Each structure stands twice: as structure tokens, then as C-alpha cells.
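This report describes selected local features of one protein chain.

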Amino acid sequence: MKSQVALVLSLFFIAGAYASFLPDWTGFYVVFGIGFGLSMLVPAIWRLGPKRWVYLLATIVAIFACFYLKIRTPQPSADDISKYAPLSNAIVRGRVIESPSLTRSERAKFLLAVQEVNLSGKVNIKDLKDRTSSDPSSNATNGDNDKKFIATSGKLYVTVPLIEVTGLRVGQEIELSGRLYLPSRADNFGAFDFKSYLARQGVFAGLSGRSLVMQGNPVSFGEWWFISRIVRAHVMGAGVPEGSLLSSLVLGSRAVDLPSDLKDAFIQAGLAAVLAASGFQVTLVLGAAIALTNNSSLKIKFTVGCCCLGGYLLLTGASPSILRAVLMGFGSLIGLVVQRRSRPVIGLLITAVLLLIYQPQWIWDLGFQFSFLATFGLLTTSRSISERLEWLPPAIAELLSVPIAAYIWTLPLQLLVFGKLSPYSLIANVLTTPLVSIATYGGIISGLLAIIFVPLGAAIAWLLYPLLHWTIDIAQWINNLPNTSISVGAISIWQMLIAYMLFVAIWLLPWFAKMQRWTIAFVLACVVLFVPNTLAQQSSFQVTIPAFNDVPIMLIKNQNQTVLINSGDRQFANFTLIPFLQKLGINRLDWGVSTDTQPDVSDGWNALTSSVAISQFRDISLGVTPKPYQDLQQALANAKTPLASLKVGETLTVNNQVQIQLLNQSPDILKLKTGDLSWLLLANADPKSQQAIASKKELLPQLAANVLWWTGGQIDPAILQAIKPTMAIASATSVVEEMVNQLYEAKVRTFWTGRDGSIQWNPEKDFSTLRDQQDSQSPI
């Protein structure tokens with residue numbers, strides 16, 4: 001009975017924590033209503049379960065959790081460094097609180113606890129470096145410069161050139177100069193929200209650093225000393241990237257900078273959990289500690305186990321997954337000492353509550369969520385799966401049941417967040433689990449020896465090279481298989497909740513114990529997850545204009561037909577377009593259209609061709625094409641994708657709802673039809689080109705359209721009069737003020753991506769912007 005009470009209280013606390021995202025007092029009302037309703041309903045149905053007072057108490061706990069998260073939501077203080085942003089040239093002093101790591105743009109990043117800021121930015125950094133090199137203990141500033149600094153507080157997200165962080169450690173006092181800025185919200189639907197991500201860590205400003213100066217004596221000792229010796233031994237023995245992978249298996253990817261291509265390969269193959277130090281590694285550490293003290297007293301076992309867990313926690317850092325695993329490990333040790341049968345599910349939920357009390361914002365951390373769901377699946381479902389695989393040898397059944405259970409319980413969340421499936425994930429995990437287990441054990445031994453003598457640790461790492469190399473080969477082989485990643489579209493939150501309710505029912509209710517009923521419930525969960533999206537995609541009609549600099553980009557999705565006009569550069573395609581296509585469930589572009597061959601407009605096609613199929617491609621090309629576009633032409637030829645240039649007057653008919661016509665070339669003018677709405681794309685037309693357009697009397701009548709779509713510059717009044725738009729959309733960071741006034745006087749509703757973010761249209765809801773949606777949501 002006590003375990004049931006703990007279960008209900010823990011679940012209500014977590015539910016109340018999630019309800020905190022609702023605005024104002026809505027979360028409290030929702031929690032109270034649901035809690036009171038369950039207290040009336042559940043005891044009447046589940047007579048052997050907790051009494052009514054337990055649910056009433058749990059409702060109070062949930063309300064407390066909701067309130068607790070709201071008051072613990074980070075907010076900038078009165079003297080936070082963010083109050084001075086943006087500033088093109090600032091100098092800040094502070095203390096490094098996070099080890100530097102590598103960004104994808106090959107810069108170093110870390111967090112800085114700010115102490116002082118110089119808003120004038122006039123300290124001579126070169127002189128500072130000269131004085132610091134001659135006297136390391138000096139702060140290298142004179143009295144006049146010190147007077148320019150004012151006290152401030154808060155944390156900064158700092159990026160600097162990689163060479164600047166050589167020898168930089170946590171705890172080091174530094175002074176750096178650069179551009180102080182406010183992190184921006186996501187500009188595109190489904191894009192990574194950098195501002196919210198930093199805000200959850202209590203960071204409200206960033207600094208793009210140009211130069212860094214260390215102050216005082218460098219930090220001589222810390223956990224970095226152990227980590228550096230372990231990583232050095234692994235790389236020395238196994239080389240790169242195998243040695244880096246070994247360090248990641250032992251310490252986690254947060255402690256080691258893995259090459260981006262290797263990290264992406266593992267993620268795409270469904271092996272992301274391999275790179276994150278979590279319960280698997282903690283289980284190995286704890287198992288080794290107990291095995292080594294097998295003939296010792298319980299007190300010694302407990303002491304050695306605690307020391308191993310504490311040391312591993314210090315080395316890897318306090319990430320949510322590691323803290324969860326370490327706390328569960330401590331619970332297992334306590335159960336061993338008191339000789340009582342542990343209840344792992346209850347322990348897992350209590351661990352979640354303790355972690356959320358310590359750091360409430362982890363409730364929104366994907367690593368925290370995936371880690372707990374995977375562990376929950378292992379505890380509740382792996383044994384049942386293993387029993388249903390009794391026709392296999394026991395060792396193989398056990399090997400298969402673990403990844404299957406984790407995959408089932410993380411699938412709904414994965415579909416909600418990413419909208420894609422990794423169909424070979426189970427195969428990849430089954431094939432790599434034995435290799436990873438042996439390599440992790442060997443890596444731990446290698447690391448312990450490296451702390452004493454680096455070459456000795458390197459010798460053990462050298463022996464592990466084949467296992468690591470085979471693991472990488474498996475990941476790359478999986479990624480070369482057809483349909484290694486399938487976009488099915490992001491599901492709604494109600495679909496995820498219903499699926500998890502069915503999973504919990506399968507686990508808890510005896511009625512589902514029989515195989516046939518269990519199968520029916522699981523199939524019903526799959527129907528809830530996949531069928532609504534499939535039906536919705538058959539009838540969807542949506543036009544999206546993403547926000548990317550001054551590049552006109554449009555994605556048209558009409559039923560099963562998809563058209564993309566322009567791609568942006570490679571980085572935009574990788575980190576914005578491809579994830580957006582995944583969330584829409586798009587695996588194929590029926591038409592790709594490029595209006596310009598320049599890299600900032602068309603280089604993204606090179607990234608898209610490796611992720612989605614393109615059935616037809618058209619461009620509007622004149623003159624010599626740059627190298628990236630030549631690479632695209634070769635990639636399309638290799639994929640046997642028809643490529644042709646769009647001719648003036650030619651019309652692409654996608655279906656009876658979508659058409660694209662080239663009205664003029666140099667400057668390029670495209671006219672689009674989406675349902676009953678007509679669009680006119682006028683891109684990069686300078687005044688001289690516009691005069692040429694205005695002089696073509698036969699062209700002007702063809703310009704009439706409902707929507708003017710352009711890049712934010714001034715448009716000739718004659719052309720604007722010919723278009724007669726009721727709506728104007730600029731794919732631009734800013735719009736000429738005179739043009740804004742001109743459209744306002746003409747009573748033309750105007751949007752631009754630099755102000756409004758990504759813009760969408762569909763026949764039912766008309767036009768909507770990303771900023772409208774963000775303003776209606778919680779800031780974090």
C-alpha cells in the first residue's frame with residue numbers, strides 16, 4: 001500500500017510540474033480539476049488501490065509542483081548582464097563555470113559567470129595580453145581602466161575562436177571582448193528555440209567573443225585533470241575517431257568533443273544513447289564495484305560502490321541522465337545494505353521528483369525525458385517482451401528485449417519532437433550492444449590506468465581499437481541502408497498521451513495479461529500514433545515561407561504533392577529545412593525550383609539531396625554557375641532526377657491547385673497559384689530592372705496577383721499599381737521604410753520574416769506568423 005501511495009504522489013508531482021507551462025493560473029485550475037475528478041472516480045473503480053484521501057493529497061502535491069516550477073523559472077535580475085545588450089563592443093570580466101566545447105562552426109563555447117562589464121569597450125586587448133604574459137599574476141589593468149568597469153551579474157553564453165581557449169579551465173577568471181547580444185527566438189516553425197534553451201539555464205545574453213585574456217594564476221587542478229589524462233590515453237591508444245568514441249562511451253559526449261560527422265552518424269542510425277553516459281555506464285561501474293568486493297562485508301560494498309558512483313558523477317558532470325542513473329544506483333546500494341527487495345519503478349519516480357526539486361527546468365530537457373522513459377520501459381516491459389520471445393535462446397531473447405522495450409516507450413515522444421522513425425534502430429542496438437559493453441569496461445580500466453600512467457592506459461585502449469572500429473562501421477553500414485530514416489510527421493500531444501495511457505494499461509491491468517488483449521492494446525496505440533497523421537496529410541494544403549536572411553523560400557504542400565522553391569545555404573537546409581520536412585512527414589519533394597544559382601540561395605539543395613528524394617528539378621539559370629551548383633547538378637544526375645531550365649511563359653502544373661509560371665527573366669518574375677490565391681515573386685530587382693519591367697506594356701497586366709512576395713526593397717509605383725496586391729510578404733530581415741509607408745497607404749496588409757518570423761497560409765486559417773504563436777505561449 002505504501003508503494004502505491006508513493007507511486008500516486010510521484011506521478012502527480014510530475015504531472016503538476018508539466019502543467020506549469022500553462023499561462024497564468026490555468027495550470028492550477030487544470031491540476032485541481034483533474035486531481036479532484038480522479039479522487040472521485042478511481043477509488044470507485046480500483047477498490048484495492050489507494051484511498052480517496054491519497055488522491056486529494058496528491059492533488060495538493062501537484063498544485064505545489066506547478067507553483068514550485070513557476071517560482072523557480074529563471075528570470076533576469078535587476079543588474080543582469082542582459083540589461084546592457086545589444087552592444088557591439090563590450091568587455092566583460094567573470095569566471096568560467098563550464099568547460100569549453102566545440103561548436104559546429106569550429107568555435108569554442110562555454111558559460112561565464114559575469115562579475116563586471118565595460119560598456120565603452122576601449123581597453124586595449126593587445127596591451128592586456130602583453131602585460132599578462134609578462135606578469136601572469138597581474139590583472140593587467142590600470143586604475144583608469146578599472147574605473148570604466150561596473151559591477152553586474154548573471155551568466156553569459158560565450159563563443160570565441162578556438163585558439164583563445166587553449167588552457168582554459170572551469171574556475172578560471174578571464175576578461176574578454178566582443179559583441180554582446182540577446183539570444184533570438186526561433187524564426188521558423190519547428191526550429192530550435194535558442195532563447196528558451198538558454199533561459200532554462202538562467203542565461204539571457206550571449207557574447208560573440210573576439211579576444212580572451214586569462215587573469216590571475218591558471219587553475220592547476222580539478223576534474224579536468226583526470227578527464228584530460230583519460231582522453232589523452234584513449235586517443236593515443238585507439239587514434240581518432242575510435243579513441244574519441246571510447247572516451248564518449250566512458251565519460252559521455254558532454255565531456256568529450258566528438259567529430260560532428262561521427263556524432264551525426266550515430267544519431268541517424270538510432271545509436272544516440274551510446275554516446276550519452278547514462279544508466280548503461282552507471283550499471284557497469286556499479287556492477288564492477290560490487291564484483292570486486294564480492295567477498296567483503298556489506299559496509300565495504302556500500303562504501304566502494306558509493307565512491308565509484310561519486311567519482312563517476314564528478315568525471316562526467318551532473319547531466320540529468322547521469323544524476324538519474326547515479327541516484328538509482330545509490331538506491332540499489334541502500335537496498336543491498338538493508339537487505340530489502342527494491343521496487344525499481346517507485347525508485348525511478350522518486351528519483352525524478354528529487355531531480356526536479358533540485359533543478360525544476362530539467363522537466364523540459366529532452367535528455368531527461370528520454371532517459372526516464374527508456375529506463376521505465378526497461379523496468380516495466382523488458383521482462384514481458386523476453387517471455388514472449390521464449391522461442392529464442394534465452395541470451396538472445398534478453399539481448400533483444402532491452403532495446404525493444406526502450407524503443408517502444410520512447411517512440412511517442414520521439415514522434416512528438418522529431419516526427420521521424422529510425423527503422424533499423426533495433427538492429428543497430430542489438431549488433432552494437434556486446435561491442436559497446438566490452439569497450440566500455442575496457443575504457444574504464446584504461447581510464448583508471450591512465451590517471452596513474454598515460455601510456456599504460458593507452459595500451460589498453462589500443463587493444464579495444466577493433467571493437468570501436470566495428471561499432472563505427474555498423475553505424476555507417478546502417479546509414480547506407482535504404483530508408484534509414486523515415487519521416488512520418490510530428491504527432492499531437494493528445495496522441496502521445498493516449499499512447500502512453502495504453503502502454504501503462506498494458507503494464508498495470510491484469511486484463512491485458514493475455515497475449516491477444518495485449519496485442520490489441522498495442523495495435524490500438526500504433527493506430528493512435530500513425531493513422532491521424534496519415535489521414536491529415538492526404539487532405540492538407542499549406543504554404544510556408546521560412547525566414548532566412550533575404551532569400552525567398554517557399555514550401556508548398558498540397559495533399560501528396562510537395563514543392564520547394566529555393567533552399568537557402570547548406571547550414572539552413574541542415575538545421576531548419578530538413579527538420580521541418582521531417583515534422584511534416586515529407587520524404588520526397590515532387591518539385592524543386594531554384595531561382596538563383598548563388599550559394600546563399602541554392603547551396604542547401606546539396607544537403608537536401610542526401611536526406612529527401614527529389615522527383616523533378618527546375619531552375620532559372622543564366623551565365624556561369626558556381627561550383628556548389630555544379631555539384632548539385634552532378635548529384636541530381638547521379639540520382640537520375642530530371643533537370644531542366646524554366647523558360648519564359650512556361651507553366652509548371654503540379655496539380656489543379658498549384659501552378660508555377662515564369663513571367664520574365666532577368667529580373668526573374670514568378671507567378672504562383674495556390675488554390676484561389678495568386679502570388680507574384682519579384683526577387684532582387686534593382687531600380688534599373690524595374691524600369692525595364694514597367695516599360696513592357698504587355699507584361700504589366702500579367703503581374704496582377706493577390707499577394708506580392710519580394711525581398712524588402714523599394715518597388716516602382718507603376719509595378720505596384722499593376723500587381724494590385726491585398727497582401728505583401730517580404731522575405732527580408734528589414735523592409736525599406738518608404739515601401740512600408742506606401743503599402744500602408746494602399747491598405748495592403750504587410751508581413752516580413754525579419755519581424756514576424758516564418759509565415760504560413762492555408763485555406764481554412766488564412767495567414768499566420770510564428771511570432772503570433774510564440775506570443776501566445778509561455779516564455780519558457
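Which helices each supply at least two residues of the lining of the second largest pocket?

## The second largest pocket

In this predicted model, the helices that each supply at least two lining residues to the second largest pocket are helix 7, helix 8, helix 11 (279-292), helix 12 (298-316) and helix 18 (425-452). Helix 18 gives the most, with seven residues.

The volume of the second largest pocket is about 510 Å³. Its lining consists of 23 residues, and those nearest the centre are Val285, Cys308, Leu315, Ile444 and Leu448. By residue class, the lining comprises 19 nonpolar residues, three polar residues and one charged residue.

## Cis peptide bonds

Ala85 and Pro86 are joined by a cis peptide bond, for which omega is about 0 degrees. Pro86 belongs to the loop between helix 3 (52-71) and strand 1 (87-96).

A cis peptide bond also leads from Val240 to Pro241, with omega near 10 degrees. Pro241 is placed in the loop between helix 7 (223-238) and helix 8 (242-251); helix 7 and helix 8 each supply at least two residues of the pocket lining described above.

## Positive phi at two lysines

Lys640 is not a glycine, yet its phi is positive, at about 60 degrees. This residue is located in the loop between helix 26 (627-638) and strand 15 (643-645). Is Lys640 buried or exposed? Lys640 is exposed because its relative accessible area is 76%, and the cut-off for this class is over 50%.

Lys747 likewise has a positive phi, near 60 degrees, in a residue other than glycine. The loop that holds Lys747 runs between helix 29 (737-745) and strand 22 (749-752). With a relative accessibility of 77%, Lys747 therefore counts as exposed.

Thr753 is part of helix 30 (residues 753-756). The residue has a relative accessible area of 3% and is therefore buried, since that class covers values under 20%.

Definitions and conventions. Residues are numbered from 1 along each chain as its sequence is written. This is a predicted model: local features need pLDDT of at least 70, side-chain atom pairs count only at pLDDT 80 or more; totals for chains, interfaces and linings use all residues. Side-chain values use heavy atoms; hydrogens and water are left out. Helices (H or I, at least four residues) and strands (E, at least two) are DSSP runs, numbered from the N terminus. Buried means under 20% relative accessible area, exposed over 50%, partly exposed in between (1.4 Å probe, protein chains only). On a 1 Å grid over the protein atoms alone, a cavity is a set of points where a 1.4 Å probe fits but cannot get out, and a pocket is an open set with protein on both sides within 12 Å along at least five of seven lines; lining residues have an atom within 4 Å of a point. Grid points are joined across faces, edges and corners, and a volume is the space filled by probe spheres set on the points. Ala, Val, Leu, Ile, Met, Phe, Trp, Tyr, Cys and Pro count as nonpolar, Asp, Glu, Lys and Arg as charged, and the others, Gly among them, as polar.
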